[in-house]
Amino acid sequence: MRPTGALHLGHYHGALKNWVRLQHEVECLFMVADWHALTTAYDDPSIIGRSTWDMVIDWLAAGIDPDKATIFIQSRVPAHAELTLLMGMNTPLSWLERVPTYKDQIEKLAHKDLGTYGFLGYPLMQAADILIYRANQVPVGEDQVSHIELTREIGRRFNNMYGREPGHEEKVAAAIKKMGKAGKQYQELRTRYQQNGDAEALEAARLVLADCANIGREDRERLAGHLEGRGKMILSEPQPLLTEASRLPGLDGAKMSKSYGNTIALRETPENVTKKVRAMPTDPARVRRTDPGNPEKCPVWMFHKVYSDASTRDWVVQGCTTAAIGCLDCKQPVIEGVLAEQKPMFERAQPYLEDLALVRRIVADGCERARARADETMHEVRTAMGLVY
């Protein structure tokens, strides 16, 4: 996560709750992405420093256990920057320009100058964050799957370029020559795939290889690896671990976001929670207390779906549609549900708020473990690239 401000309940239901579950099932590394925060907050980095420790405390408050997972800060593992640099030497510019979120973010953040090298290259740095730990799964929502696909392509290209067998180029050239006219077609299709990520070209090239009778099994496998960018597995090819989209909207029914001013912080005071929920807009049809309403048209109903049990939801539907209950009556169970969820978070956070040194020790230990793992990968990367003298 990027440290760009206080975490809210949208972060908890969208990601943190899933992280807490995953740490008991697989080995997890959770990173404070401070360098990534600079890609959009480069003109005011003060918020990054202010938010880093608060965010880690929020993670611990949510239930992340430093004895089960590694918590670390990106900038304290310099190998991330080195791998980003080295992979940038052979990652086509067109691959970065076609990332769906690139143009989307430029449009959404039109008030900022994002025509920077850092912003264009953030997917490459994101790939380095993943590949340097040889992660095999990355928990993401559907909107982030394309980033994981790009990460696999970057890792595959690196493996193909630097994990080759001795005499790889000569053997590939000889195999293509054996293919005759089909060899030229194969090369054209491979170029389209490698430069533009053309999936149709990839499938067409596979068919050309499958139909070519002039090459044997060994050459066919060699050319398949050359086509797809496969070589010695120096960098892994991670898979997306899809997570359920957050069902918790903002207080106004839109996406919960600090920029929209519609959030409830992870550690919001009970007084503020009560005040914010009571001020939530409701079904516009309920102008007077006696007017019936429709829960599906009310933002409060979405909170009931998260925080209320079946009997309470039935009570809400019955009471709202018949005007048997008022909107403040309807909001009270939501207030109680949010406060009940936050109570253990406050309790878990308290020791760290009283002694920040505890948090710093957890992060220092996590950074040390992360550096050790990253250095193992970087030794292989440097060796493969001929940078170990």
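Helices (H or I, at least four residues) and strands (E, at least two) in these legends are DSSP runs, numbered from the N terminus. The model is predicted, so to speak of local features we ask for pLDDT of at least 70 and count side-chain atom pairs only at pLDDT 80 or more, while totals for chains, interfaces and linings use all residues. Residues are numbered from 1 along each chain as its sequence is written, and side-chain values use heavy atoms, with hydrogens and water left out.

View 1. Arg 134 sits in the loop between helix 8 and strand 3 (137-140). Its phi is near 55 degrees, a positive value in a residue other than glycine. Arg 134 counts as partly exposed because its relative accessibility is 32%; here buried means under 20% relative accessible area, exposed over 50%, and partly exposed in between (1.4 Å probe, protein chains only). For Ala 323, look to the loop between helix 16 and helix 17. Phi of Ala 323 is near 60 degrees, again positive in a residue other than glycine. Is Ala 323 buried or exposed? With a relative accessible area of 13%, Ala 323 is buried. As background, most residues other than glycine have a negative phi.

View 2. Rings of Phe, Tyr and Trp (its six-membered ring) pair if their centres lie within 6.5 Å; planes under 30 degrees apart count as stacked, over 60 as edge-to-face and the rest as tilted. By this rule there are seven aromatic pairs. In the pair shown here, the ring centres of Trp 19 and Trp 59 are 5.3 Å apart and the planes stand at 75 degrees, so the pair is edge-to-face. Trp 19 belongs to helix 1 (residues 9-22) and Trp 59 to helix 3 (residues 46-62), so the pair ties together parts that are 40 residues apart in sequence. Trp 19 counts as buried at 11% relative accessibility, and Trp 59 does so at 0%. Ring pairs also bring in Phe 30, linking Trp 19, Phe 30 and Trp 59 into a cluster.

**View 3. Met 87 within the largest nonpolar core.** A nonpolar core is a set of buried Ala, Val, Leu, Ile, Met, Phe, Trp, Tyr and Cys residues joined through side-chain atoms within 4.5 Å. The largest one holds 81 residues, and the members that touch the most others are Trp 59, Met 87, Phe 303 and Val 381. Apart from this core lies another, of 18 residues, including Met 179, Val 208, Cys 212 and Ile 215. Which residues does Met 87 touch, not counting residues up to four places away in sequence? They are Leu 124, Ala 127, Ala 128, Leu 131, Ile 154, Phe 158 and Leu 235, with contact taken as heavy atoms within 4.5 Å.

**View 4. The second largest pocket.** On a 1 Å grid over the protein atoms alone, a cavity is a set of points where a 1.4 Å probe fits but cannot get out, and a pocket is an open set with protein on both sides within 12 Å along at least five of seven lines; lining residues have an atom within 4 Å of a point. Grid points are joined across faces, edges and corners, and a volume is the space filled by probe spheres set on the points. The second largest pocket has a volume of about 350 Å³. Its lining has 18 residues, and Thr 84, Tyr 117, Gly 118, Gly 121 and Leu 124 lie nearest the centre. Helix 4 gives the largest share of this lining, four residues. By class, the lining has 12 nonpolar, six polar and no charged residues, where Ala, Val, Leu, Ile, Met, Phe, Trp, Tyr, Cys and Pro count as nonpolar, Asp, Glu, Lys and Arg as charged, and the others, Gly among them, as polar.

**View 5. Glu 153 and the second largest cavity.** Searching the whole structure turns up two cavities of 30 Å³ or more. The second largest cavity, with a volume of about 50 Å³, is lined by Trp 95, Glu 153, Arg 156, Arg 157, Tyr 193, Gln 194 and Glu 228. Four of the lining residues are charged, two nonpolar and one polar. Helix 9 supplies the largest share, three residues. Glu 153 lies in helix 9 and counts as buried at 16% relative accessibility. Leaving aside neighbours within four places in sequence, Glu 153 is in contact with Trp 95, Arg 98 and Tyr 193.
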